[in-house]
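Have the 3D view open as you read.

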Amino acid sequence: MTARPDPFIHPITRLSICGLLAAGADWVEFAALRDAAGISDSVLSKQSVVLEDAGYVQVRKGAVGRRPRTWFRLTAQGRQALEGHLAWLVQMEEAVSASSPQMTANSVNGRTAPRTVPSPD
Amino acid sequence: MRDVVRDPAALERLRVQRGRLADRMRPPWWYLTGSAILWAVLFAGPFILQYLLHGVPTWPSLVLTAAMLCLLRLMPWGLARATGIAVRLRNLRYRLGLSALIAMIVVFFAASQTETILIRHGLLAAAIVVAALAVAAQVALLQARLRGIRQELRDGGGAA
């Protein structure tokens with residue numbers, strides 16, 4: 001596995017979605033994913049479309065009675081990208097900690113650590 | 001949109017979110033009840049073969065088998081609907097639940113064989129006790145397996 005940033009997974013909401021889908025379940029239902037990630041319906045819909053277009057997430061739509069049900073699954077490509085991205089994140093944390101204790105203290109406050117990956121938003 | 005590198009708590013937040021997802025993976029009462037019924041019918045097999053099938057038409061046992069197969073198919077579907085998480089219980093990905101799955105298989109064969117031997121020796125009461133204990137053990141092992149799956153979901157399935 002190569003540690004490298006992935007622009008599709010980099011935004012925190014998409015990292016949450018992919019991280020939750022990678023946790024071991026075969027399929028996760030829309031409401032379960034929304035509640036676990038703590039995001040709104042519209043945010044999940046929008047971000048899942050981006051991940052689906054990137055080939056990271058597979059979407060299955062169905063209905064129980066009149067209620068629509070949407071299920072998500074992480075694809076093999078998505079899992080590989082997530083693992084590489086998480087490894088990169090760990091490396092970044094270690095690099096930031098090693099480079100400057102002051103920088104680490106500031107980054108905890110959310111003021112430093114420059115953005116290195118462009119978001120495809 | 002917020003950036004992960006600017007938020008050192010992102011990985012910690014992901015762990016909390018996984019915990020929330022794992023907490024949903026709790027079986028409803030009917031799932032455990034249905035499992036107990038299924039196992040009870042399975043462990044009644046040696047009794048049915050020994051005492052009930054002599055001179056009885058085949059169709060009631062076929063109807064019973066069909067009903068059990070439908071229940072077997074419907075239960076994981078119902079569990080996925082209730083929890084919002086679809087997992088295949090025979091999925092070997094869940095390492096923590098694997099020991100419980102192996103134990104379930106061992107208990108099934110051991111109890112079935114013990115029942116058959118006891119029935120052949122005319123020890124009907126002892127065979128019934130073995131069947132009852134085996135059903136209780138299987139339900140307990142199913143709960144242990146689900147606990148393992150919950151733990152696996154909480155840990156992130158090795159993804160992070």
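Keep in mind that this is a predicted model. Chain A has five helices and three strands, and they run in the order α-β-α-α-β-β-α-α along the sequence. Of the 121 residues in chain A, 35% are buried. Looking at contacts in chain A with a separation of 6 or more, 60% are between residues 24 or more positions apart.

Now for a helix pair in chain A. Helix α1 (residues 12–21) and helix α2 (residues 30–37) of chain A have axes that come within 10 Å and cross at roughly 120°. That angle makes α1(A) oblique to α2(A), and the crossing is right-handed. Here is who makes the contact:

| Helix | Contact residues |
|---|---|
| α1(A) | Ser16(A), Ile17(A), Leu20(A) |
| α2(A) | Leu33(A), Ala36(A), Ala37(A) |

Sorted by type, the residues of this contact between α1(A) and α2(A) come out as five nonpolar, one polar and no charged.

Over in chain B, take a look at helix α4 (residues 59–83). This helix has 25 residues and spans 36 Å from its first C-alpha to its last, close to the 36 Å expected at 1.5 Å a residue. Which residues of α4(B) are buried? They're Leu79(B), Ala80(B) and Thr83(B). Their cover includes α1 (10–24), α2 (29–43) and β1 (85–86) of chain B. Just after α4(B) comes Gly84(B), with a positive phi of about 80°.

How values were computed: Residues are numbered from 1 along each chain as its sequence is written. Chains are lettered from A and ligands numbered from 1 in the order in which they are written. This is a predicted model: local features need pLDDT of at least 70, side-chain atom pairs count only at pLDDT 80 or more; totals for chains, interfaces and linings use all residues. Axes are lines fitted to C-alpha atoms, for helices over the stretch in contact, and angles run from 0 to 180 degrees between N-to-C directions. Helices (H or I, at least four residues) and strands (E, at least two) are DSSP runs, numbered from the N terminus. Angles under 35 degrees count as roughly parallel, over 145 as roughly antiparallel, 65 to 115 as roughly perpendicular and the rest as oblique. A crossing is left-handed if the near helix is turned anticlockwise from the far one by less than a right angle, and right-handed if clockwise. Two residues are in contact if their C-beta atoms, placed from the backbone, lie within 7 Å. Ala, Val, Leu, Ile, Met, Phe, Trp, Tyr, Cys and Pro count as nonpolar, Asp, Glu, Lys and Arg as charged, and the others, Gly among them, as polar. A residue is buried if 20 or more other C-beta atoms lie within 10 Å of its own, exposed if 12 or fewer, and partly exposed in between; C-beta atoms are placed from the backbone. The expected span of a helix is 1.5 Å times one less than its number of residues.
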